[in-house]
Amino acid sequence: MYLESTTRASEFAAEAGKWARRVWPRFWPPLSVVAGVVAVFWKLVLTKQYTFLGSPDLANQVMPWLGAQVYAIRHWSILLWSPYEWFGQSLIGQVQPGVTSPFTFLLALAPLHNGQIQVFYVHIWYVLIHCAAGLFAYWLFVDLGCAAGPAVLGAIFYATGGFCGNTEWPQQLAPAIWAPLVFLFLLRSLRGRAPLRNAAWAGAALGVSWLCGHHAPSIALTYAVAGVGAAALFRRGARAEAALRLGVLFAVMALVAAVQALPAAEYGKLAKRWTATGALTWKDKVEYPEHEDSGLRPTDLLHLVMPGGGGLRSDPFTGTVALSLAGLAVWSSFRRREVRMFLLLAIAALLYTLSRFDPLYGILYALGPMVEKSRAPIVALSVFHFAVASLAALGANALISGGAAQC
């Protein structure tokens, strides 16, 4: 009996070891991404001494939004209309409160105290959004052919550096983090890999970005997708296929985003928007000087490598390591189509942020749908830093492989 039990235990241990060796390689990279994000934001997760809610707008506007919505969700309702200010306000029409955001419903899972959300759980929720950003980026980089190590490195940079790392507003952060998933499915579609299905998934991810809060990051991401799609239309021999895939993508995006876009359009026609130039109706354009004031100056580009360039909504700081790895990707793998695409995407997004000094931005302001409504060209840093993170992952992959990535 003893020998039989020992044999069975040995067999069980051997099977468990085989299972661990088979499963562990799949789980350690995502776990490493989450651990890296937590290591950066440890003050919010592991202590109760710090907060990102120190500004008046976050404390007096964002927290009441979240509190009212979470209370409603916990009572099996959705707060489409808030009776707590003025004579009532349409929360879903304002867009920014994120009534339709999946992250708002995620926060509703946290326990309440005296019917109110607890600041500590808001901190954890905020870090979980960064973890989601890192995991989305990791899946993209693996799909681009990166080994686990470089993919983890690029994902951690994307989630904790650049726009994601320097943006305090959850409703600005949440729409931006869908860029890796959008491009994961978009690039699959353009490569001809289940093209229509992946185009639909790209449209769904882009539509969810529109559900998550502020419209400015979603506008920048939508224009990035449109730019990549327009480039695909100029390729010979595949124009009809590319047009069909883009049609599917934007049709699905419109269907998903309609949950938020239709109430916003209806409310926008009835409401006035207060900006630096006064109260504006739906028909009024946000004047161009406001766009200039919410963009970068050429001297701010120094802060791509030097900290200290905090702007109105974000910080251009990228860091020498990420930029060096991105430069390595361009130098070693420039023949690869994705490298050229991410390089052009980064340059275009950076020029977009230089609204005062970029005449092309003026053309987009005058002719591009929704550009004048965004009012914040600096938010295009979300696309710039996404492109840099992608190049950094490809550069790290080229570094460890000792050569250029496969074309």
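1. Trp139 comes out as partly exposed, because its relative accessibility is 41%; here buried means under 20% relative accessible area, exposed over 50%, and partly exposed in between (1.4 Å probe, protein chains only). Please keep in mind that this is a predicted model, in which local features need pLDDT of at least 70 and side-chain atom pairs count only at pLDDT 80 or more, while totals for chains, interfaces and linings use all residues. Residues are numbered from 1 along each chain as its sequence is written, and side-chain values use heavy atoms, with hydrogens and water left out.

2. Phe136 counts as buried because its relative accessibility is 10%. Both residues belong to one aromatic cluster together with Phe103 and Trp178.

3. What is the count of aromatic pairs? It comes to 13, with rings of Phe, Tyr and Trp (its six-membered ring) paired if their centres lie within 6.5 Å, and planes under 30 degrees apart called stacked, over 60 edge-to-face and the rest tilted. The Phe136 and Trp139 pair is tilted, because the planes are at 40°, with the ring centres 6.1 Å apart.

4. I also liked the edge-to-face pair of Phe342 and Phe386, with 5.8 Å centre to centre and 85° between the planes. This pair links distant parts of the chain, 44 residues apart: Phe342 is in helix H16 (residues 337-353) and Phe386 in helix H19 (residues 381-401). Both Phe342 and Phe386 are buried.

5. Now to the charges: there are 8 salt bridges, each a side-chain nitrogen of Lys or Arg within 4 Å of a carboxyl oxygen of Asp or Glu. In one of them, the closest N and O atoms of Asp143 and Arg191 are 3.6 Å apart. Asp143 lies in helix H6 and Arg191 in the loop between helix H10 (179-190) and helix H11 (195-211), so this bridge ties together parts 48 residues apart in sequence. Asp143 and Arg191 also belong to a salt-bridge network with Arg188, Arg193, Arg336 and Glu338.

6. Another salt bridge joins Arg375 and Glu290, with 3.3 Å between the closest N and O atoms. Arg375 is in the loop between helix H18 (371-374) and H19, and Glu290 is in helix H14 (residues 288-293), so the pair ties together parts 85 residues apart in sequence. Glu290 is buried, with a relative accessible area of 6%.

How values were computed:
Helix = DSSP H or I, 4+ residues; strand = E, 2+ residues; numbered from the N terminus.
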